[in-house]
There are 2 protein chains.
Amino acid sequence: MVTAQAGSPAAQDDIMRAGTLAREIFSDVANKWALLIIETLGDETRRFSELRDALEGISHKMLTQNLRMMERNGLVERTVHPVVPPRVEYRLTGPGHGLRATVDLMCEWTRQNMDHIEAARDEFDETSPRRG
Amino acid sequence: MVTAQAGSPAAQDDIMRAGTLAREIFSDVANKWALLIIETLGDETRRFSELRDALEGISHKMLTQNLRMMERNGLVERTVHPVVPPRVEYRLTGPGHGLRATVDLMCEWTRQNMDHIEAARDEFDETSPRRG
DNA sequence: CGGGATCCGTGCAGATACTG
DNA sequence: CAGTATCTGCACGGATCCCG
């Protein structure tokens, strides 16, 4: 969306603003499924059906959609093998691995704070509805 | 919904699986708006209306909803000042700051790869519809 | 001013079917 | 097996109203 034809040259400065940048990231580059796909791909080259199986919960439409979006953003590389049973493989690009590193960090944070989160939820669960 | 009432004790082991964990993160803890709010809060203590002004694009409902969810997850701390014009302030908790660090990293990655992303989009934009 | 509740529209996401 | 197109729904998100 930052691209588009905004027509405002001064808008380039606004891109540096956290809000605008973050919006760009989390609504297009790093949406929920994309991040999940990045984690699933890891260092490997995986087929479409393998990804679908690994993510299980995702529909084939969402997978295709996100894979294409990620390919468009240069996060994954799509390789089509011209064989009779079509074989299409995906793997992270260099930048894709870079993003993956940050996602890994976020996963690690969650792992370390999982108990805190659950504790907070538990406390909130009995504090919120009653309000002391 | 990793939580729910799965009823399977063995499921605890599955939580360690990247997929399940990541799902938990990106669908509840670190959704699009939550990440945006985290970036907006930063080190400061901000009022509800300040946040709404800073994020501008968000509706009061979404802000309230996400703020409450983040409070439930122990990411933000909500302080209500019992004054005549109600004054409610929010600030990141310790764990909240930890998550913020990872979000910052992701923002930094985007900043560094912005040109790559745009280039990839540009290339894809003319390669995809025509297929060479 | 902060926030809950409600109503309602939009758009995302699932299922299905067809192509190559 | 991989991908696209279409149709539908349902949930998410916005606007409004009212309460504290």
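Me: What do the atoms of DNA strand D within 4 Å of the protein belong to?
Reply: In this predicted model, 58% of those atoms belong to sugar or phosphate, and the rest belong to bases.

Me: Which residues are closest to DNA strand D, and what makes a residue count as near a strand?
Reply: The closest are A:Phe48, A:His60, A:Tyr90, B:Ser59 and B:Lys61. They belong to a set of 16 residues that surround DNA strand D. A residue is counted because one of its heavy atoms lies within 4 Å of the strand.

Me: What does B:His60 lie 3.4 Å from on DNA strand D?
Reply: A polar side-chain atom of B:His60 lies at that distance from a base oxygen of DNA strand D. The elements that give two or more residues to the surface near this strand are helix 4, helix 5 and strand 3 (87-92) of chain A, together with helix 5 of chain B. The largest share, four residues, comes from helix 5 of chain A.

Me: Which residues are closest to DNA strand C?
Reply: They are A:Ser59, A:Lys61, A:Pro86, B:Arg78 and B:Tyr90, out of 16 residues that surround DNA strand C. Sugar and phosphate make up 62% of the atoms of DNA strand C that come within 4 Å of the protein.

Me: How do you know that B:Arg78 makes a polar contact with DNA strand C?
Reply: An N or O atom in the side chain of B:Arg78 is 2.8 Å from a phosphate oxygen of DNA strand C. This is within 3.5 Å, so the pair qualifies. For B:Ser49 the value is 3.0 Å, again from a side-chain N or O atom to a phosphate oxygen of DNA strand C. B:His60 has a polar side-chain atom 3.4 Å from a base oxygen of DNA strand C.

Me: Which element gives the most to the surface near DNA strand C?
Reply: Helix 5 of chain B does, with four residues. By class, the surface near DNA strand C has six nonpolar, five polar and five charged residues.

Me: How many salt bridges and how many polar residue pairs are found across the interface of chain A and chain B?
Reply: The rule finds zero salt bridges. A salt bridge would need a side-chain nitrogen of Lys or Arg within 4 Å of a carboxyl oxygen of Asp or Glu. There are eight residue pairs in polar contact, both residues at pLDDT 80 or more.

Me: Is A:Glu56 called buried or exposed, and why?
Reply: A:Glu56 has a relative accessible area of 61%. Exposed means over 50%, so A:Glu56 is called exposed. The residue is in the loop between helix 4 and helix 5 of chain A.

Me: What makes the phi of A:Glu56 worth a remark?
Reply: Most residues other than glycine have a negative phi. A:Glu56 is not a glycine, yet has a positive phi of about 45°. In chain B, the phi of B:Glu56 is near 45°, also positive in a residue other than glycine. B:Glu56 lies in the loop between helix 4 and helix 5 of chain B, and is exposed at 61% relative accessible area.

Me: How many helices and strands does chain A have, and what share of its residues counts as buried?
Reply: Chain A has six helices and three strands. Along the sequence they follow the pattern α-α-α-β-α-α-β-β-α. Of its 132 residues, 41% count as buried, so these have under 20% relative accessible area.

Terms used. Residues numbered from 1 in each chain as written. Chains lettered and ligands numbered in written order. Predicted model: local features only at pLDDT ≥ 70, side-chain atom pairs only at ≥ 80, totals over all residues. Heavy atoms only, no water. Polar contact = N/O pair within 3.5 Å; in protein donor to acceptor, adjacent residues only side chain to side chain. Nonpolar A, V, L, I, M, F, W, Y, C, P; charged D, E, K, R; others polar. Buried < 20%, exposed > 50% of the residue type's maximum accessible area, 1.4 Å probe, protein only.
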